[in-house]
Amino acid sequence: MARRAKPLPAADLEVWTRYLRHVRPLRGVHVPEPPPPDKPGSVRPEPEGVRVVAAPAPPPALPQRRPGVAIGVAPPGLDRATWAKFRAGRIAPERTLDLHGMTAAAAHVAVNALIAGAVSRGMRCVEIVTGHGRRTGGEGVLRREVPIWLNDQPLRPMILAVCHPHAANQGALRVLLRRLRS
């Protein structure tokens, strides 16, 4: 038994045609014309059998518990002496991960494994070498993506601070890890 397609309500058709403005149609496919815009002060007739209900108020925004990690910025809760030692490179990395030659997907997995493994072993500092990227100009993909990954779940709660090991070396990141509390 074949089903008949119901005609789209005017509101759905309007949303669909707004979406279609950003899509190039395939050859031979008919794209419906957008409905005429509403005139100010006019009231759109309601489709039969449809009850209009006011949209519920959006839930209140929850405060963000931990702000994102910024490279080279002292995080709240870290004492000045530890930050100075970390920033000056006097806290040596216990493990180093070199991402040269890796794809973004493989590098993402490797960064997650490095941070999670280092935290579980009680390490305090690790280094991630991203490289400078393409020499023809611009920023490398990994150099741009690694800070984003460090701010995403599940890594963000494990990280206390991030900085470059030296001002002249923007192709590597030192990561100060949080200590596990038992």
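Mentor: Let's talk through the strands, the cores and a few local details. Keep in mind that this is a predicted model.

Trainee: Okay, strands to begin with. How do E1 and E2 pair?
Mentor: E1, residues 95-98, and E2, residues 125-129, pair in the parallel sense, with four bridges between them. Within that pairing, Arg-95 stands opposite Val-126, and Asp-98 stands opposite Val-129.

Trainee: And which helix makes a β-α-β unit with E1 and E2?
Mentor: That's H3, residues 104-120, and the unit is right-handed.

Trainee: What about E2 and E4, do they run parallel or antiparallel?
Mentor: Antiparallel, joined by five bridges.

Trainee: How many residues of E2 are buried?
Mentor: Five of the five, so E2 is largely enclosed by the rest of the structure. Both of its faces are covered: Cys-125, Glu-127 and Val-129 are buried on one side, and Val-126 and Ile-128 on the other.

Trainee: Nice. Switching to the cores, how many residues does the largest nonpolar one have?
Mentor: It has 23 residues, and those with the most contacts inside it are Val-111, Ile-115, Leu-150, Ile-159 and Val-175. The elements that contribute two or more residues are H3, E2, H4 (141-151), E3 (159-163) and E4 (172-177).

Trainee: Which element gives the most to this core?
Mentor: H3, with seven residues.

Trainee: You listed Leu-150. What does Leu-150 touch?
Mentor: Leaving out residues up to four places away in sequence, Leu-150 touches Val-111, Ile-115, Ile-128, Leu-155, Arg-156, Ile-159, Val-162, Leu-173 and Val-175. There is also a second, separate core of nine residues, which includes Leu-78, Phe-86, Cys-125 and Leu-160.

Trainee: Let's go to H2. Which of its residues are buried?
Mentor: Thr-82, Trp-83 and Phe-86 are the buried residues of H2. They cover an arc of only 100° around the axis, so they sit on the same side of H2. What covers them includes E2, E3 and E4.

Trainee: Why does Thr-82 count as buried?
Mentor: Its relative accessible area is 18%, and the cut-off for buried is under 20%.

Trainee: And what does the side chain of Thr-82 make a polar contact with?
Mentor: The side chain of Asp-79, at 2.7 Å. Leaving out residues up to four places away in sequence, Thr-82 also touches Ile-91, Arg-124 and Leu-176.

Trainee: Where is Pro-154 found?
Mentor: In the loop between H4 and E3.

How values were computed
Residues are numbered from 1 along each chain as its sequence is written. This is a predicted model: local features need pLDDT of at least 70, side-chain atom pairs count only at pLDDT 80 or more; totals for chains, interfaces and linings use all residues. Side-chain values use heavy atoms; hydrogens and water are left out. Two strands pair if DSSP finds at least two bridges between them. A crossover is right-handed if, with the strands pointing away from the viewer, the path from the first strand over the helix to the second runs clockwise. Buried means under 20% relative accessible area, exposed over 50%, partly exposed in between (1.4 Å probe, protein chains only). A polar contact is a pair of N or O atoms within 3.5 Å; within protein, one must be able to donate a hydrogen and the other to accept it, and residues adjacent in sequence count only if both atoms are side-chain atoms. Contact means heavy atoms within 4.5 Å. A nonpolar core is a set of buried Ala, Val, Leu, Ile, Met, Phe, Trp, Tyr and Cys residues joined through side-chain atoms within 4.5 Å. The arc is that of the directions from the helix axis to the C-beta atoms.
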